[in-house]
Amino acid sequence: MTRLQRAGYRAEVVRPREIDAELRAELEEIARVWRGAEPARGFVMALDALFRLDDDDAVFVDGRDPEGAPMGFLHFAVVQASAALSLSSMPRLRTTPNGFNEWLICETVDWAREHGLQRLSLNFAPFAALLAPEAKLSRTQSIERRALLALKGRFQLDNLLLFNRKFFPDWQRRFVVYERRMDLPRIGIAALAAEAYLPFSGRDRE
């Protein structure tokens with residue numbers, strides 16, 4: 001954080017109504033370049049579109065270089081009922097310095113405190129209990145952990161966990177609810193398809 005601040009980077013929190021056509025085009029271009037040739041992912045946390053929500057329900061936190069050009073941003077949904085921010089996306093240019101997203105999150109925390117918000121929800125980190133480095137696992141769980149780590153090249157499982165742990169969060173568990181064990185393969189396929197990890201078309205996923 002201090003390195004970026006000394007270098008002249010600054011963060012700006014804006015509501016959708018405050019974003020003019022030029023800034024909107026810049027933010028959309030950053031999101032496009034960040035995604036590259038990959039399909040859109042983030043079904044469990046991301047919104048359908050950056051500008052889907054109105055002023056009371058979203059904020060953008062954009063990070064600017066010393067010349068004032070946007071280099072990346074965080075997009076949050078505002079959850080009024082629980083006075084919280086929920087992270088939707090965090091695209092950035094590949095040229096941003098290390099620690100850029102961490103710096104933006106800390107800037108967001110400061111802003112949230114000043115505006116009466118009580119919680120900030122980050123990435124969903126699946127299988128965190130199995131992937132935590134200090135976890136005490138049974139033999140079966142150790143096998144499951146190794147199997148999950150073998151998927152690292154395809155899924156960002158432990159990467160998300162390690163990123164979130166930097167902020168010493170309060171962990172909120174998530175559960176899969178099902179009627180029969182035989183349903184689990186179908187649930188898994190549906191989840192992977194929704195996240196665009198399977199080669200289905202958008203129409204197939206619908």
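Modeller: One caution before we start: this is a predicted model. Let's begin at helix 7, which covers residues 184-194 and includes Leu184.

Biologist: Is Leu184 buried, exposed or in between?

Modeller: The general idea is that buried means under 20% relative accessible area and exposed means over 50%, with partly exposed in between. Leu184 has 34% relative accessibility, so it counts as partly exposed.

Biologist: On to charges. How many salt bridges does a search of the whole structure find?

Modeller: The search gives 7. To read one, look for a side-chain nitrogen of Lys or Arg within 4 Å of a carboxyl oxygen of Asp or Glu. Take Glu29 and Arg32: their closest N and O atoms are 2.6 Å apart, and they form a salt bridge.

Biologist: How are Glu29 and Arg32 separated in helix 2?

Modeller: They sit 3 residues apart in helix 2 (residues 21-35), so about one helical turn separates them. Glu29 is partly exposed because its relative accessibility is 36%, and Arg32, at 45%, is partly exposed as well.

Biologist: Which salt bridge partner does Lys166 have, and where are the two?

Modeller: Lys166 pairs with Glu102, with the closest N and O atoms 2.4 Å apart. This pair links distant parts of the chain, 64 residues apart: Lys166 is in the loop between helix 6 (157-165) and helix 7, while Glu102 is in helix 3 (residues 100-114). As for cover, Lys166 is partly exposed at 47% relative accessibility, whereas Glu102 is buried, with a relative accessible area of 18%.

Biologist: What about the strands? Which residue does Arg64 form a salt bridge with?

Modeller: That would be Glu12, and their closest N and O atoms are 3.2 Å apart. Here too the pair links distant parts of the chain, with Arg64 in strand 2 (residues 58-64) and Glu12 in strand 1 (residues 10-14), 52 residues apart.

Biologist: Why does Arg64 count as buried?

Modeller: Because its relative accessibility is 11%, and the cut-off for buried is under 20%. Glu12 comes out at 29%, so that residue counts as partly exposed.

Biologist: Which residues do salt bridges with shared partners join into one network?

Modeller: Glu12, Asp62 and Arg64 are joined that way.

Terms used: Residues numbered from 1 in each chain as written. Predicted model: local features only at pLDDT ≥ 70, side-chain atom pairs only at ≥ 80, totals over all residues. Heavy atoms only, no water. Helix = DSSP H or I, 4+ residues; strand = E, 2+ residues; numbered from the N terminus. Buried < 20%, exposed > 50% of the residue type's maximum accessible area, 1.4 Å probe, protein only.
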